[in-house]
Each structure stands twice: as structure tokens, then as C-alpha cells.
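I opened my notebook for a friendly look around this one. Here is the model, followed by what I looked up.

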Protein chains: 2
Amino acid sequence: MSTILAPLACGIFALAVAGFFSFYVLRQEPGTAKMIEIANAIKEGATAFMKREYTVISVFVLVISVILAFLPNLGWQASLAFVFGAISSAVAGYIGMSIAVRSNNRTGTAVQKSINKGLKIAFRGGAVMGLSVVGIGILGVSILYLVFNGHVNFLSIIPAYGMGASSVALFARVGGGIYTKSADIGSDLVGKVEAGIPEDDPRNAGVIADLVGDNVGDCAGAGADLFESYVSSIIATMTLSLVAATTIAISGNALLPNQQVAWYLPLLVAAGGIVASIIGIFMVRVGDKAEMGALLNALRRGTFSSSILTAIFSFLAVYFLKVDLGVFWAVLAGIITGVVVGEATNYFTAYSYRPTFKVAEATQTGPVNTLVRGFANGLMSTLPSVILVAIAVTIANHFAGMYGVAIAAVGMLSTLGITDATEAYGPVADNAGGIAEMSGLPHEVREKTDILDSLGNTTKATGKGFAVGSAALTALALILAYTTAAQINFTDISLLNAKVISGLFIGAMLPLIFVALTLNAVSDTAFSIVNEVRRQFKEIKGLMEGTARPEYGRCVDICTKASIKALLLPGVISILTPVIVGMLLGPVALGGFLAGATITGFTMGITLANAGGSWDNAKKYVEAGNFGGKGSDAHKAGVIGDGLGDPFKDTSGPSLNIMIKLMSIVSLVLAPILSNFKGIF
Amino acid sequence: MSTILAPLACGIFALAVAGFFSFYVLRQEPGTAKMIEIANAIKEGATAFMKREYTVISVFVLVISVILAFLPNLGWQASLAFVFGAISSAVAGYIGMSIAVRSNNRTGTAVQKSINKGLKIAFRGGAVMGLSVVGIGILGVSILYLVFNGHVNFLSIIPAYGMGASSVALFARVGGGIYTKSADIGSDLVGKVEAGIPEDDPRNAGVIADLVGDNVGDCAGAGADLFESYVSSIIATMTLSLVAATTIAISGNALLPNQQVAWYLPLLVAAGGIVASIIGIFMVRVGDKAEMGALLNALRRGTFSSSILTAIFSFLAVYFLKVDLGVFWAVLAGIITGVVVGEATNYFTAYSYRPTFKVAEATQTGPVNTLVRGFANGLMSTLPSVILVAIAVTIANHFAGMYGVAIAAVGMLSTLGITDATEAYGPVADNAGGIAEMSGLPHEVREKTDILDSLGNTTKATGKGFAVGSAALTALALILAYTTAAQINFTDISLLNAKVISGLFIGAMLPLIFVALTLNAVSDTAFSIVNEVRRQFKEIKGLMEGTARPEYGRCVDICTKASIKALLLPGVISILTPVIVGMLLGPVALGGFLAGATITGFTMGITLANAGGSWDNAKKYVEAGNFGGKGSDAHKAGVIGDGLGDPFKDTSGPSLNIMIKLMSIVSLVLAPILSNFKGIF
């Protein structure tokens, strides 16, 4: 009991600080009547979408929970944990988004006085998301541990929590991703390209849907994604240590010397990370005449300090619990990998570095060259991430066996409180700019929000790199936990086993199918928006002249319906395929399947995210007045690259993170059932 | 000795038929003076390129052969085999291409009399390539067996032959692929888009380079690729059976009951395939008023008959050699997979089917939608190929263990004599059309060659599906042979081994880096061509009016130099990386590395090939007069999709096939050295 006190206390602390930040944000001035009106439209659109999305998810969660309740080795306790996990994830996403949609207009107002004030509101608005995610996550796992510890099905109950979180995350990411990119591409194609009006112009009927999309995709979707990584890495490590403590040690790998604390350590590392993150968040501040460099340094100071503090706390935990020091090295490998992977992503996607500058240069020779260069850049960017993860795995395994690999994932994710804050900050700044534009504020306000926004683009890039790197490590930890829980022998799951080979091939294919489905969904929905915006320009008299208002609600509605409809198939495939593979080919083939899916999901995820980021910033570089600037042929080529990159980086790429984790955790939950099953073929 | 007689005889028979076809082609009328002039320009360009390419490859082969000669367990015999393999591949590619560049103008002339006559010449021209490949391949392996059988290093000598062939194949595919696509994209971008002149217009300075590219890429490059798959599948099966006969049986998998014939069977299956292919080739004929459907049926009749005959011959071989019948089922699984994978590719890339029709439809809504749809289609097309290969592996393994998996690859490739003929036919028909256009023949001639050309596009699609499917099976067979030769224990190469995991990740990344490098190379070279064609239009007076001739040679020269320069890095990486991984992380990690590279190389290869094929045919559908036809906005969108697809499908995609096999065979050759080596880390 006493051992669980520290994580519980830290979880409550995180939520308390999140509450404090919420009140701080709400106390700020909301701006002019026009700004409030627009902010309200965004809020209403986002709330309407979340409501419908959560309704669909509820039905799905209900169905799965009934099935789980009747499965042997699982029962109502696992079913309850599953529902609890789903609700936790949904609540974390909802809280974060609610504050984000209230921070945008306040940021836009504050920035008129000082950029530091604007940064503070936007960042604290984002921090509510980060802290809700880690607070609810650690509380959820700790409470489950407290209630069900010692239960005969405990090893299925804890993972079921993660499975619930994963399911919500997948739907939120896919649904939000389809929504945000359909609205973005759709309104851009008609607005910028056909009608020749600027981005975020109030005459564009799709513009509110676009701003809603930023919140439901980049904010709520990303939050659910990271919530899931966070709890899953802890759960994987706990399961791994608990199974190993009760059954035979995993062959071929050394485990912890002191088994009693093995399950407890991941919670403690995470708890330390929460304290470190909160300290880091308070360190993010700049002077009043801040420039881009200073802003970036302020954020970096926060995240780097959190990482260093987490490392120190972890060392103390390892030292005082008298755990083998090797475990600390594993945690440290995870923390460092998280930081470096994020920076590597930034290197490949920021136009101040060579790779994306080359893409920007290519816009001068037309769209084909832009496309070829950007895609090549995305592929090339897998190099540092993959090598870093491979090194982290090697080091963690060397010092602490497979337990080390799992706890390295926990180490990487322990600073999530602040890294998610920096990511959730992005859509707030983006929205602030949109609101400033739409409510006709002076041009210099938009310039200031643009600085905040471009900072948001950098943090988004590092955040995505971090998300994909942590997803790979977490998936790996889950696969290890799965093989342990399914009692798969080290020697059985050999690459020379034909079933493993078949599993690898099928698994490797699945992320590609998933990407194809989500890309097609964006394409379908975006072109419904194109048609709707075109229709409104044609049918509403005075719209182009600014004397009439477009029907924003129609576009919001189209996006909502279409994305809800489109998220089901990819979601169901991700949950059912591991079950089918496990039943047909057996648990060993399922292990190969998960490994195959993880490696292509990981490499494909990086490629799509960074190719997209690179095209986006190449276009921004041209828009900043280079190579002919806006409206030039180079710009048109840049817009085409960005158009392909949008669903790459904001729908398909990030969804892959969740997909590989979801498939692994479904397998982990079903492991006790599959363990004595050899497959039909 | 007597056992090797049948393969030797069949090899000589194949070359005799190839000789007969060569004389047949050369006896035909070469056409008007203008046609001969253009054909000569293509021939000279192609020969000049091959000469320079082979010079570079010779230096490379020499360096590697010296290194091999001094390595322990290898020696001058392995070095000799390596050089022999390289020369065999080069000779096969050269013979095939020499006849192809002499068939194009003759096809263009004959088609004026009858389309059947044109088909016959073009197809026999292509068959010279197919039969040279299988004839030289089976002769090479048989001769090596005859000379070195019983030698202490025999298990390294035979694979070294494959490594030689692989090295040449990689350079030929990458070099030829960069050449052909740079010329194609470069001349199209200026010609079609900027100057508004049709494809193959003689005023375009890049047009000869484009026609040369078809020959050095699609013909010589593809031939070298398939030569390598062909010999490697045989070598992998032989090595696997010979190692297993001399060392302990591979744990966990049943092997052949009768070890003595295990090494001999792959040669016999291949020999049967040669006879079947020759019969099939003679069955390809149509009536005089042939339409597209009849032409396609004629080709299908040939390939299907060859497949059925090969199955019958294999059954007889298995029956009379008293081998377990399970081996026959494995061979059959391979043969069927080859046919079905090819057809599946056609389904995804022909505009008469839904997937590519949807891409064509998307051109109406602009380039972004075209790009998203086409890429999604490429990804989706991995589904049938991966499932089919997984089923083939499962069936082959079920009936004949790992030996079954290897010999399934031999079964699949045994009909290569005819499948390669149908693929090499494509560039001949394409060139015939280009020559007809450039030499000002009447419009109806071009219409006839267009029918032959569009048939070529279908055979190219099925051929590519076949190539990538066979490459996956061959790579798998090579990996199995490698693990056996490196004496890796079944139980060591576990997915739970951290070294295997690291290897998997790094291996999975490498094909993506390879694609990035080749894409960038095409982009660089294509834009040198763009600049050169633009310069000529500007500086040569009367060029646009048709009173002056462009300097074709300059473009040929630029492509040659640039592609030779660009092929080195990807080639060297493919050869060195397995060596580095093996040295640093040890042979077990190298096994994981090869598996990782194979699964992403395979899935990525299919995606790139079919996305490219789909964009190409979507554009062709628009050019046929749909959705506004040539010059419309839909057409422009189609051209952009095709522009990205061109290097996807003709440079990067097919090169991946060779890359994964080359890395596996390098590992196989080095296996005896690595076997007692645990890696530095």
C-alpha cells in the first residue's frame, strides 16, 4: 500500500497544477466580441465533433467490454478495467481540448500586449493537456493496482486498462486526423488556389472547420495517443516483471536482481518525471522583446531541465530501492533517446537545415521535383531514429535484459507532462493566429501570433519524433510482455520458424493497408468540403465581396459525419487482425506479426510524418518571400507537396503509432487465452 | 556427371533457340533510311552507356574479387566464381539488349504489313533476352558444379557466382533505372509541359536519351535482375540441401528424405522450365486483324501453358527421382504464386479495373487528390502479394520444410524464359512507336504500335509483380541458406533476442535509405536534362520550327555520366552494410537484419512499383480522351502523378528487389567466416 502512495500523490499533484493553469487561462481577457464569437464557433464545432465521436466510441467500447467479460481468463474485472481505461483516455483528451479552445482567443488578446504573455497563456493552455494526461494515467494504473493486486486474473486486468486507452486513442487519432486534414486541404484548395483568398479568410466556408480540426486532431488526438503510450509503457514493464516473478525467468535474458521492486519501479520513474515536468513547465518564460530564437530556447530549457531532473530522480529511486544500477542506465538510454530523436526530426523538417531547404529549392523546378525530394527526405529521416532506437534497445538489454528495454520506454515517456505540453501548445498558437486574422485585428498582431505559430511548428516536429520513437519502444515492450504472458518459449519464436516468417510478412503489410485506408478517407472527405465551399461561393450572393457570411456549420457537419464514418474500418482492422492471426496461425505467428507491424509501422510512420513536415515547411519558406513568394510557380509546387504531405503527417503517420501499440496490447490481453493454443493452420 | 547432363543440355538448347530468334529478327526489313538512322542513334547511345557502365562495374568486380581471394574459407576459387557470375550476368544483359535495339525499327516496319508480324518480331526480340538469361544461368551453375563439386570451399564457391551476378544486376538496375527515368522525366517536362510538343517529338533534344533509357533500364536492367533471381534461387536451394547433408539437420524442420537428390532437383526443375518456356514462346501468335484482347490472350496462352508444363515436368522429376511428393507441392505453390501475383499486379495497375480507374477519376479534382489516391492504391496493392507469398511459404514449409520454401522460389522462377520475354518485349514495342513517330510514318502506323505498346504495359505490370514476388521468395531462401551456412542455431535467432531485434530495425530501414538515394539521383539527373533541353530550344535557331536538329548526343551523354556517378553509393551500401552489421553485431543480428530488409524491401517495392504503374495508366486513360483528354487540367494532374511515379516504378522499386537479394547473398558468401564470430558489441 505505502509503495503506491508516491505515484498517487504525484498524479494528484499533476491534476492540481493542471487545475491551477486552467483557472489562470480562464482568468485572462477573452478579447473583442468578434474574437469571442469566432472562438465560440470553434468551441461549438469541436464539442459537437467530440460528442459524436465519443458516442460512436462508447458503442464500440460497450461491445468489446461485453465480449471481454465473457472470455475465460478475463472476466468482468478485465472488462471493467477496459472501460476504465477508455474513459480515462477520453476524459484526459476532453479536459485538454476544452482548455485549448479557451486559450486561443486569450492568447490572441494577450499577444497584443506582450509576446511573453501570449506564450505563457498558450503554453499553460497546452500544459493542461500534458498534465491531465500524465496525472490521469498514473492515477488510473495505481488505482487498478491498489484494487486488483493479487487477483488471479491480475495480469489481464492491468493490460485491459491499456487496451481501453488504446482503442479510444486510435479512434481519436484517426477520426481527428481525418477531420483536421480534410478541412485543411479542402478549404485551402478552394480558398488559396481557386478563389485566391488568404488562409483563414472569413469568406471561406471551410475555415472554421479547419480551426476545429486543429483542436480535435493535433490536440485531443495527440493527447489520447500519448496517454496511451504513457500507460502502456508502464503496463508493459509491470506485466513483464510480474510474469517473470511468478513464472520461470525468460530464457536467454537476465532479469532484475530484486524482483519485488521490479513492478514498482516504472511507476516511480513516471512519478519522478511528473515532478520534473512541472518544474520544467514553470521554467518556460522569455523577456518581453522575445524573438523566435529566445522562444525556442525557453522551451528547450524547460524540456532539457525536465529530462535531467527525471534522470536524477530515477537514479535516486534505483539507488534507494537497491535495484541493480543497470536499470538506471536503461532508463537513461530511454530519456536520451527521446530528446535526440525529437531533435533529429527537427533537423529533417525545419527549413533552416539542409534537408528541407533542398526541398524548398526544388519547388523552383516544379511539383514533380518537389514531390520526389520531399519523399526522399522523409525516407532518409528514418536513419537517425532507427539507429537511435536500435542503440537504446542494445544498451538497455545489455544492462538490464528485456526488463531494461521495457523500462527504457518508461524513461523516454516519463517527461511526457512537458513534451505533450509543448505539442498541445501548437494548435493553441495556430488558432490564435486564425482568430486574429478572421476578426480583423491589426496586421502586427498576426505577425506576433505567427512567431508563436512557427515556434509551434518546431515543437510539433520534435513532439512527433518523440511520439513515434516512444511508440516503437512501447510496442517493443508490449511485444515482450505479450510473449512472456503467452508463455512463448524464447526458442520457439525463431526467425527460422515458417510461422514466424508468415507472421512477419503479414504484420509488415498491415500498416500499409492502414495508411491506404486513412489516405482514401481524407481524400473522400476533403473533396466533399471542396464541393461545399465551391457551392457556397457560387450560391451565396455577396460572399466573395464580404457582405454575406458563409455557412460555416455545413462544413463542420460534413467533416464530422465523414470522419466518424471513416474511422471505423481502420480501427476494427487493428483490433481484429491480431485476434484472427492468433487464432489461425497461433501465438508464435502472432509474435512475428507484431514484430513485422512494428518495424514497418515505425519506419513508415517516420517517413510520412517527416516527408509531410518537410513539404509543409518548404512551402512556408516560399511563402516567406523566397523563390518568388506567394502566388509564384514555386509556391504552387509547394502547395501540391504540402497537399500530399498533410494527410501523411497529420492523419496516417501519427495513427500508425497507435495502431502498432493497439495491436500489441490486444495481443497482450488475449495472451492467457492464446497461450495454450497452436493455431488452426 | 551424368546427372548434370540434362541441365547442361537444356541450357545449350535455350541459347540455340535464342540464336535462332536473333537471326530471325536480323533477317527482317529494317525500314526506311530515316528509321534506320534513328534506330542507329538509339543503338549507339545504348552501347555507349553499357560500355561505360561495364567499365565501372569491372573495376568494382576486380576490387571485390581480389578481396574475396584473400579471405579465409573463400580463396581464388570463390573469387573466380564471383567474376564468372558477374561476366555471365553482363553477357546475358548485353546479348538481350543488342537484339532488342535491333528489333525496334524492324517491328515498326513489319507492323505496317500486319500486327501479328509486328508482335512476332517484338516478342522474339524479347525472347532472346529471356532465353539468354535462363540459358547462361543454368549453364553457369552447372559448369561450376561440374568443376568444383567436392572442393572443400564448395559452399562458398557456388554462392560467389550468385554474388557476382547480383552485383552486376544491382548496378545495371540502378544505373539503367536512373538513366531511363531522368531522360523520361526530363524530356517530358520540357517537351510536353513547357514546349507543348507531343511525346517522342524529334524536336526534343532528350528524346533519343529517353528511347535509349527504355533499353538500358527496362531491358538490360530487368534482364540482369531476373538473371540474378534465377541463379540465386537455384543456388540457395543447392546450398541449403548440401549444408544440411553435411552438417546436422536444421532443427525444427523436416528435410528431404533423400538427401542425395536434394541438390540436383532445383537444376532439374529449372531445366524443365526452360523446355516449357520455349514451347510457350512458340505458342504466342495471333490472327492478322488482332485487337488488344486477342494479343493479351496470345501472351497469356504462352505463359499459362509454360506454367502448366513446368508443373508436369516437375512432377515427373519428383516421381522418377523418388523424392517425397511434398517437394512437388512446394514447387507447385511457387509456380502458382508467380502467376497469381502477376495478375494481382495487373488488377491494381490497369485502368480497366477499379483501383486505377479511381486514380484516373481523381485527376479531375487536381494533383493532390491524384497523388493521395495513387499512393494509397500502391500501398493497398501489397495485400494480395504479401498474402500469396505468406501462403506459399506456409504450404511449402508444411510439405517440405525449409527446403520446400527454397525450391518454391525455384519453381516460381522456372518459367523465366517466357516471363522475361514478355517483359523485354515492352521496350521493343515502346521503341517501335517512338521510331515511327520520329521518322514521320503515317498516323495509322503509330496507332498499331500503340496497341503493341499498351500490351507491353500490361506485360510490364505482370512482369514486375512476378519479379518482386520471386525476389521475396528468393531472398527468403537465401536467408535460410545463410543461417544454415553460418551454423546459426534455430533457437538462437529468436525474436526475443535483443540483437535480432536491433538487426530487424536496422535492416528494415536500409531499403528506405536506398530508395531515398535513388530518388534523389533521378531528381538531380532529370533536372540536368531539363536545363539542357531548355538551353537547346533557346540557343539552336529553327529547332522549334523543325528546320534545325537538336544535339541528341548531349542529353545521352549527360544521362550516362550522371547515372554512372549515382549508382555507386547505393551499390556500395548494399554490399558493405551486411558486412558491417555482421562484424559489429554478429551473425545472429545479421539474420535479423536480412529479414527486416526483406520485409520492408518487399512491401516497399510493391508499393512503389504499383503506385507508379497506377499513376502512369491513369494518365494514359486521360490521354485517351477521357475527363478532358490531353492538355486538360485533369491531364496536368495526371502528368504530375506520373512524374512522381516514374522513378518509383522504374528506378527505386525494382532496384529494391536486387538490393534485398544482394545483401542476402553477400551474407551467404561470408557465412563461413562469420559462423564462429559473435560480433564486437
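How are α12(A) and α19(A) oriented to each other? I found that the axes of α12 (residues 367–380) and α19 (residues 633–674) of chain A come within 8 Å and cross at roughly 40 degrees, and the two helices are therefore oblique to each other.

A note on what I was reading: this is a predicted model, where local features need pLDDT of at least 70, side-chain atom pairs count only at pLDDT 80 or more, and totals for chains, interfaces and linings use all residues. Residues are numbered from 1 along each chain as its sequence is written, while chains are lettered from A and ligands numbered from 1 in the order in which they are written.

Entry: terms for helix pairs. Helices are DSSP runs (H or I, at least four residues) numbered from the N terminus. Axes are lines fitted to C-alpha atoms over the stretch in contact, with angles from 0 to 180 degrees between N-to-C directions. Oblique is what remains after under 35 degrees (roughly parallel), over 145 (roughly antiparallel) and 65 to 115 (roughly perpendicular).

Entry: α12(A) with α19(A). I noted a right-handed crossing (the near helix is turned clockwise from the far one by less than a right angle). On the α12(A) side I listed P367(A), T370(A), L371(A) and G374(A), and on the α19(A) side, residues including A637(A), G638(A) and L644(A). In contact means C-beta atoms, placed from the backbone, within 7 Å.

Entry: α9(A) with α15(A). I looked up α9 (residues 292–320) and α15 (residues 443–485) of chain A, and their axes come within 10 Å and cross at roughly 45 degrees. This crossing is right-handed. M292(A), L295(A), L296(A) and L299(A) of α9(A) make the contact with α15(A) residues, among them I451(A) and L455(A).

Entry: T55(A). I located T55(A) in helix α2 (residues 33–70) of chain A. T55(A) has 11 C-beta neighbours inside 10 Å, so it counts as exposed (12 or fewer; 20 or more is buried, and in between is partly exposed). I564(A) is 509 residues away in sequence from T55(A), yet 10.0 Å away C-alpha to C-alpha.

Entry: the two chains. I found 67 residues of chain B in contact with 67 of chain A. On the chain B side, α16(B) gives the most, with 19 residues.

Key:
Contact = placed C-beta atoms within 7 Å.
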